[in-house]
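This briefing is meant to be read with the sequence and the coordinates open beside it. Please look at the chains together before turning to the points below.

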Amino acid sequence: MTGQMIFFIIFALIAITGAVLIIALKRISHRVVSMAFSFMAVAGLYFLLGAEFIGIIQIMVYVGAITILFVFGMMMTDHRNISFGPDPRKWQQALSFVGVATLLGLMLYGISTLDMHESTQPFVGSVEAIGLELYGHYFIAFLGSAFLLTSALIGAIVIARKEAD
Amino acid sequence: MDYLLMFLYAVAVLMVLLGGVTFAILAERKVIGAMQLRPGPNRHGPWGVFQTIADVLKLLLKEDVIPANADKKIFVLAPVLAFAPAFSVMAVLVYSSTVGGADINIGVIYFLGVSSITMLGVLMGGWSSNNKYALFGSIRGVAQMVSYELPLILSIIGVIIMVGSLNLTDIVNYQANMGMWFIVPQFLGFAVYMISSIAELNRSPFDLPEAESELVAGFFTEYSGFRFAMFMLAEYTYAIAIAGLATTLFLGGWLGPAFLPEIVWFMLKVVAVMFIWFWLTATLPRARVDQLMNFGWKVLIPVALLNIVLTSIYKVWMG
């Protein structure tokens, strides 16, 4: 077993455990921390693949920004327990179990039959490659998403101001 | 074998860092003392050298108090979450042309990305304490760190445009070839970097998250004993790391006349940067929250953007 394999297993376990704990834990602050751990482990997987830039962007955006956003949401809102009725019916549970099992089966089938051939370029996720693609081939889409985010930001400020008045 | 070497390097850096933090705290107290015309700590050992060691021993022997209404798991985890990223950024710092951490192509972005996690520790510590002072401190801390991370990153972009690489070794080698440190052509960037790093580190005059006259001790009010020591260790580790990045980016890293080894030059420059921070701590009064936010968004970010525009024009002009 190589070192890479050992680290892959460690990161994968942390990522999956974190993702499960987000659903399973009771307190929202604990969920946020387990989410941060899960995101960090995914970033570690990117590092293992040699896609360092994507890994670090994962840390910056998800751990650094999204988690903080969630914590602010947790602080600024009141916490009530909202659930869908007191006891979920037996057939609902069975139906959701069947649905999830089917999805898992389909995904496992897809992954196991995936035809992965060795890439000729070892570093796909390098800064230069991403920069050239983003500012060359996908320039219009890049600008479009920038406009969308700016308008969303302005909209959020307008809504917040209206509530403050 | 590679992993063993990496592990040994990390342990060695940690050991050097613990010594460095011990003497950084002593140096801060001595420098501020001298500036205020008092001797500073002078009881333990000659010139007070063992003062911090005694302080740390005291903190380690203290009772570990966890408030009854605190969120215990998060409370215990927060000091670790504060220290881990501050120490992880050391992985890419390069101390001389032979001694250094990981030589990856995205060194600068790694540093900035990982350092943005430190605020999670601040936030979790303040929130889990279940204490109004701690909560105020952590909200202030995160607002300040989010706001000042932007000018910090923007001030570095000028250097990156000039060099055309994110690798810290390349940046130092470029300065060696240019025959000049980046503090001269990138002075605007250096000024913005120094100011926003003070806010990022929660140091005076921007120490609002731990303003002792308003918030007792800010986000770590409820912490005592070795957990408190962990927060202090994280703060000074992060300070040393940011001073190391400033040295690499703006002060030529390990470059210097050959009569001293390269690593000594690096450390001397780190000490010089930290001395500037101590100096400001001793001389300036604390800023108000609104002044801090206005200054960050309306002065520092425009100045940093101006620096980027000027650097781009220069780069295009010169080819």
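The points below cover the chain contact, a helix pair, annotated spans and domains.

The model is predicted, and what follows should be read with that in mind. In it, 22 residues of chain B are in contact with 18 residues of chain A.

**Contact between the chains**
- On the side of chain B that touches chain A, α3 (72-88), α4 (107-115) and α5 (118-128) each supply at least two residues, and the largest share, six residues, comes from α5(B).
- The residues on this side of chain B divide into 16 nonpolar, four polar and two charged.

**Helices α6 and α8 of chain B**
- The axes of α6 (residues 132-163) and α8 (residues 187-200) of chain B come within 8 Å and cross at roughly 155 degrees, which means that α6(B) is roughly antiparallel to α8(B).
- The crossing of α6(B) and α8(B) is left-handed, and among the residues that make the contact are B:Tyr148, B:Leu152 and B:Ile156 of α6(B) together with B:Val192, B:Tyr193 and B:Ser196 of α8(B).
- The residues of this contact divide into nine nonpolar, six polar and two charged.

**Annotated spans of chain B**
- An unreviewed UniProt entry lists several spans of chain B as "transmembrane region", including residues 6-27 and 74-95.
- Residues 6-27 of chain B are 100% helix and 0% strand, with end C-alpha atoms 31 Å apart, whereas residues 74-95 of chain B are 68% helix and 0% strand, with end C-alpha atoms 35 Å apart.

**Domains of chain A**
- Chain A is divided into domain 1 (1-78) and domain 2 (126-165), and the C-alpha centres of these two domains of chain A lie 24 Å apart.

Terms used
Residues numbered from 1 in each chain as written. Chains lettered and ligands numbered in written order. Predicted model: local features only at pLDDT ≥ 70, side-chain atom pairs only at ≥ 80, totals over all residues. UniProt positions renumbered as here; feature names shortened; annotations may be inferred. Helix = DSSP H or I, 4+ residues; strand = E, 2+ residues; numbered from the N terminus. Domains from an automatic or database assignment. Contact = placed C-beta atoms within 7 Å. Nonpolar A, V, L, I, M, F, W, Y, C, P; charged D, E, K, R; others polar. Axes fitted to C-alpha atoms, helices over the stretch in contact; angles between N-to-C directions. Parallel < 35°, antiparallel > 145°, perpendicular 65-115°, else oblique. Left-handed = near helix turned anticlockwise from the far one by under 90°.
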